[in-house]
Amino acid sequence: MIQRTIWAATAAFLLLYAAAPANADMARLRDGRWLPKNLHEDMGTADAPNDDMLRRSGRNNLDLSYDKVKVRGASESAGSIAGVWSTTAYANEFFRNGELQGQAGAWEEAADSFAQAAENLKGAAREIAMWKRVVVLAETGDLDLTFQATEELLTAFPKSFYFAQARDKRARILLAKGKAPAAKAELDQVIAAPGMNARDYFEAKLAKINFFSLIPAGADVKKIAAARSEYERMAQEIKGRSGARTEAAVQMLKASVGIGRCLVYEGQYDKALTTLTSVVNDKMSVLDRSLLARAYAGMGDAVFAKVKTELKSGAVKKEELARVQEQLTTAAMHYLRTSKFYVEVAGDDLFPATAGLARVWATQFDLGGDTDCALGKRAAKAFFAAHKLLPRGEKKRLFTSEAKMFIDKHRSACAVPAKKGK
């Protein structure tokens, strides 16, 4: 699945240098610092520089690569960079048009604009324009054009700042075409690249586990345990690599999420919940919303699976139903965080979280004796929402059958009596 990208260009950028021709560049680090260093204090808590800051930052001073990013003599690991801005790019009319068209969802038009901008730009400005073209082409769903655009970027900039992201997109495209060995080779190029920053190095390792080793629920327990071991080994590698604990802090948390999800599949629900809770409570987790989306989906799975196991055993007494309902409400809240609050970054976790929410509410409806019709209606709506997320196929057919059974039950239990005389 090609993930969606959130556009964050400000109006100040889009109007930048309507009259003034000066060129400048800036970079923001994940810890909130800014380059050039002399402007850090002036930026405060801003997420993006305004036109005045860019004017003051200097001329054509941005140097990008997958190992280092340099701005006016200052050098930082590429893995510590949260964002880069090239005024040369934003001063280009085609580039500005591409930003506006991307924000409006006009992906094909934006791709054309960024292509034209790249023809007129050089250095970092051109590299940024070429990457933006990759991003908007991915949104069109045209796998071949997107793949070709990544090829053009990597040919023009063999050590591109976007090297790892481009290889990741190529891997996803190849997987979608059923070319798993070629997809794995793309990720291996990131891992083997000399001097690759720790963030992107470990992100590629995570992708390899997620794409090729992670086993879904219901699979052989030994295979799930083997996938968990891969996550654990990666976490240990991060701890043992100099500087990686900071630079790859998010990737460490992602590995923990992988471990937690495997523990759910293995039936170790309490341990899974402890692991996943530690992720969402970690201050570094706010750096990646998709990480939180996946963690909360896993927490919902852990709580719901534990309740289902308890109910299936027949050990729940009537006086314990209130406790069980409360636990199910907790599971629903976790799923809601993924399916509503983090919906734009939930990716492959969106359907499982939405379906999980529907099933939790359906279970609560059943436990309540089919009397809470408002709750049943919410469950039915969640089933409909999850159904729409699935493409045609056997999985959708089976889910449709499940959803229909509940909806028919809800309609029967909550039918509105006809008025007299009608």
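Me: What does the secondary structure of the chain come to?
Reply: The chain of this predicted model holds 20 helices and six strands. Of its 422 residues, 48% count as buried.

Me: How do you know that the span of helix 20 agrees with its number of residues?
Reply: Helix 20 covers residues 394-413, which is 20 residues, and at 1.5 Å a residue these should span 28 Å. The C-alpha atoms at its ends lie 29 Å apart, so the two values agree.

Me: Which residues of helix 20 are called buried, and what makes them so?
Reply: Buried requires under 20% relative accessible area. Lys-396, Phe-399, Ala-403, Phe-406, Ile-407 and His-410 are the buried residues of helix 20. They cover an arc of only 100° around the axis, and therefore lie on the same side of helix 20. Their cover includes helix 18 (350-367) and helix 19 (373-389). Lys-404, Met-405 and Ser-412, on the other side of helix 20, are exposed.

Me: How do you know that strand 4 and strand 5 pair?
Reply: Pairing requires at least two bridges between the strands. Strand 4 (residues 68-71) and strand 5 have four bridges in the antiparallel sense, so they count as a pair. Within this pairing, Lys-68 has Ser-77 of strand 5 as its bridge partner.

Me: Why do strand 3 and strand 5 stand at the edges of the sheet?
Reply: The open sheet has three strands in the order 3-4-5, with antiparallel pairing. Strand 3 (62-64) and strand 5 (74-77) each have a single partner strand, so one side of each lacks a neighbour in the sheet. From one strand to the next, the twist averages 15°.

Conventions
Residues are numbered from 1 along each chain as its sequence is written. This is a predicted model: local features need pLDDT of at least 70, side-chain atom pairs count only at pLDDT 80 or more; totals for chains, interfaces and linings use all residues. Side-chain values use heavy atoms; hydrogens and water are left out. Helices (H or I, at least four residues) and strands (E, at least two) are DSSP runs, numbered from the N terminus. Buried means under 20% relative accessible area, exposed over 50%, partly exposed in between (1.4 Å probe, protein chains only). The expected span of a helix is 1.5 Å times one less than its number of residues. The arc is that of the directions from the helix axis to the C-beta atoms. Contact means heavy atoms within 4.5 Å. Axes are lines fitted to C-alpha atoms, for helices over the stretch in contact, and angles run from 0 to 180 degrees between N-to-C directions.
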